[in-house]
Amino acid sequence: MKLQQVSDNCFAVLNEKNRVCDANSGLINRGGGVVIDTQSDLFHARRMIELFGTVWRGMPKRVVNTHEDGDHVWGNQLFEGAEIIAHRTVKERMPKVADPRETQQLIKAADRFLARMLLKALHPGALAIARQLREDFEFDGIKLVLPTTVFEERHVLDLDGTEVHLIYVGPCHQVGDTIIHVPKERVVFAGDIIFRECTPMGWNGSYEKWLEVLDLIIWLDPEVIVPGHGPVCGIEGAMEMKAYLEYVREESMRCFGQGLSALDASTKIDFGPYGRWHSPARLYMNVERAYREFRNEAADAPWDHAKTFDAILAVAKAKGIEVEF
Ligand SMILES: [Zn+2]
């Protein structure tokens with residue numbers, strides 16, 4: 001994990017391993033401080049606080065959650081007394097989408113012989129992701145702390161004369177997606193609208209909206225983008241995400257027309273230049289999302305996590321690569 005200054009008052013903490021749950025955090029170091037996203041577990045959240053602590057005067061007054069996924073909110077409890085700001089749907093959905101017990105139980109199952117054997121037989125992908133997560137994270141002790149302030153379309157903070165715009169852009173990669181724009185410093189904290197050098201994991205939203213939001217980010221003309229995952233970039237990060245999504249949607253359309261399942265399509269579609277990104281087999285999630293749209297299914301239709309991880313493992317095996325989530 002490393003600290004990077006991206007403008008006069010904006011900083012990022014980056015998880016360089018860039019695998020699942022390696023989310024980034026941001027800091028706007030003015031007006032009492034704003035932290036953006038709080039990491040996947042308490043160990044990483046404490047390390048993030050330590051790194052930001054080298055530049056701030058004291059614990060920040062405000063936290064923003066860019067959306068409801070666990071890897072962006074599980075450190076909230078360490079910011080006692082802070083105002084936690086997010087879109088209204090984040091507060092509504094967090095108890096279900098980011099219930100830490102589901103992940104804690106999965107890790108425990110992978111540790112117990114019988115449960116592990118059962119997982120291996122029924123959901124090998126879930127077992128594989130449990131093993132990877134255990135290498136990187138420690139999910140014990142996490143208590144869900146919900147946003148204390150919610151907003152609808154836009155929320156503006158004034159940090160001693162520096163305006164910070166929270167812009168609701170969901171459902172795009174997830175229902176509660178918000179980007180944070182600091183116009184004066186030409187910085188955008190993009191949350192999971194941008195995955196950089198790793199394959200996006202989109203949950204609930206639409207391709208159309210996602211592409212539209214990437215255009216919005218380009219239109220905002222930032223000098224620096226702090227993505228939700230991966231290294232800091234400029235607008236080329238938004239353009240590459242667009243190209244990836246357009247490529248996968250087009251390839252998925254072709255396979256859908258041939259009557260292939262989403263899983264079969266994912267094994268057939270060439271990774272192309274995106275094979276160099278981390279976790280290329282997560283392609284399955286993006287194909288499945290495209291298929292949901294072709295079938296006119298609701299954007300917020302739930303996901304069966306175990307089956308999704310099984311499919312990612314199956315894609316990696318079919319492509320002859322080591323699975324990475
Ligand atoms: Zn994330």
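Me: How far apart do the C-alpha centres of domain 2 and domain 3 lie?
Reply: The C-alpha centres of domain 2 and domain 3 lie 23 Å apart. Keep in mind that this is a predicted model.

Me: And which residues belong to which domain?
Reply: The domain assignment gives domain 1 as 2-97 + 141-242. Domain 2 is 100-136, and domain 3 is 246-318.

Me: How many residues of domain 2 are in contact with domain 3?
Reply: Six residues of domain 2 contact six residues of domain 3. On the domain 2 side, four are nonpolar, two are polar and none is charged.

Me: OK, what about the helices at 100-111 and 124-136, how do they pack?
Reply: Those are α4 and α6. They pack at an angle of about 100°, with their axes 9 Å apart. The range for roughly perpendicular is 65 to 115 degrees, so α4 and α6 count as roughly perpendicular to each other.

Me: Which residues meet there?
Reply: From α4 come Leu 106, Ile 107 and Ala 110. They meet Ala 126, Leu 127, Ala 130, Arg 131, Leu 133 and Arg 134 in α6. By class, this contact has seven nonpolar, no polar and two charged residues.

Me: Now α10 and α11. What angle do they pack at?
Reply: About 120°, with the axes 8 Å apart. Helix α10 covers residues 283-294 and α11 covers residues 305-319. The pair is therefore oblique.

Me: Who touches whom?
Reply: Leu 283, Tyr 284 and Met 285 in α10 meet Thr 308, Ala 311, Ile 312 and Val 315 in α11. Six of the residues in this contact are nonpolar, one is polar and none is charged.

Me: Switching to sheets. What is the strand order in the seven-stranded one?
Reply: It runs β1-β2-β3-β4-β5-β6-β7. The sheet is open and the pairing is mixed. The twist averages 20° from one strand to the next.

Me: How do β1 and β2 pair?
Reply: In the antiparallel sense, over four bridges. Lys 2 stands opposite Leu 14 in β2.

Me: Which strands does α1 touch?
Reply: Helix α1 (residues 42-52) packs on the sheet and touches β1, β2, β3 and β4. Its direction makes about 145° with that of β2. There is also α3 (residues 88-97), which lies across β6 and β7. That helix runs at about 95° to β6.

Me: And the five-stranded sheet, what order there?
Reply: β8-β9-β10-β11-β12, open, with mixed pairing. Its edge strands are β8 and β12 (224-229). Neighbouring strands are turned by 25° against each other on average, direction ignored.

Me: What joins β8 to β9?
Reply: Six bridges, and the two strands run antiparallel. Asp 158 stands opposite Glu 163 in β9. β8 and β9 form a hairpin with two residues between them. In the turn, Asp 160 has a positive phi of about 50°.

Me: How many bridges pair β10 with β11?
Reply: Three, in the antiparallel sense. Ile 180 stands opposite Phe 189 in β11. Helix α7 (residues 207-220) lies across β10, β11 and β12, at about 160° to β11.

Me: What phi does Asp 37 have?
Reply: A positive one, about 70°, although Asp 37 is not a glycine. Asp 37 lies in the loop between β4 and α1. Gln 39 lies in the loop between β4 and α1 too, and has a positive phi of about 80°.

Me: Is Asp 37 buried or exposed?
Reply: Buried. The cut-off is 20 or more other C-beta atoms within 10 Å, and Asp 37 has 30. Gln 39 is buried as well, with 30.

Me: Last one. Is Glu 251 buried or exposed?
Reply: Glu 251 is buried, with 20 other C-beta atoms within 10 Å. Glu 251 lies in helix α8 (residues 235-257). From Thr 199, Glu 251 is 52 residues away in sequence and 16 Å away in space, C-alpha to C-alpha.

How values were computed
Residues numbered from 1 in each chain as written. Predicted model: local features only at pLDDT ≥ 70, side-chain atom pairs only at ≥ 80, totals over all residues. Pairing = 2+ DSSP bridges. Axes fitted to C-alpha atoms, helices over the stretch in contact; angles between N-to-C directions. Contact = placed C-beta atoms within 7 Å. Domains from an automatic or database assignment. Nonpolar A, V, L, I, M, F, W, Y, C, P; charged D, E, K, R; others polar. Parallel < 35°, antiparallel > 145°, perpendicular 65-115°, else oblique. Buried ≥ 20, exposed ≤ 12 C-beta atoms within 10 Å, placed from the backbone.
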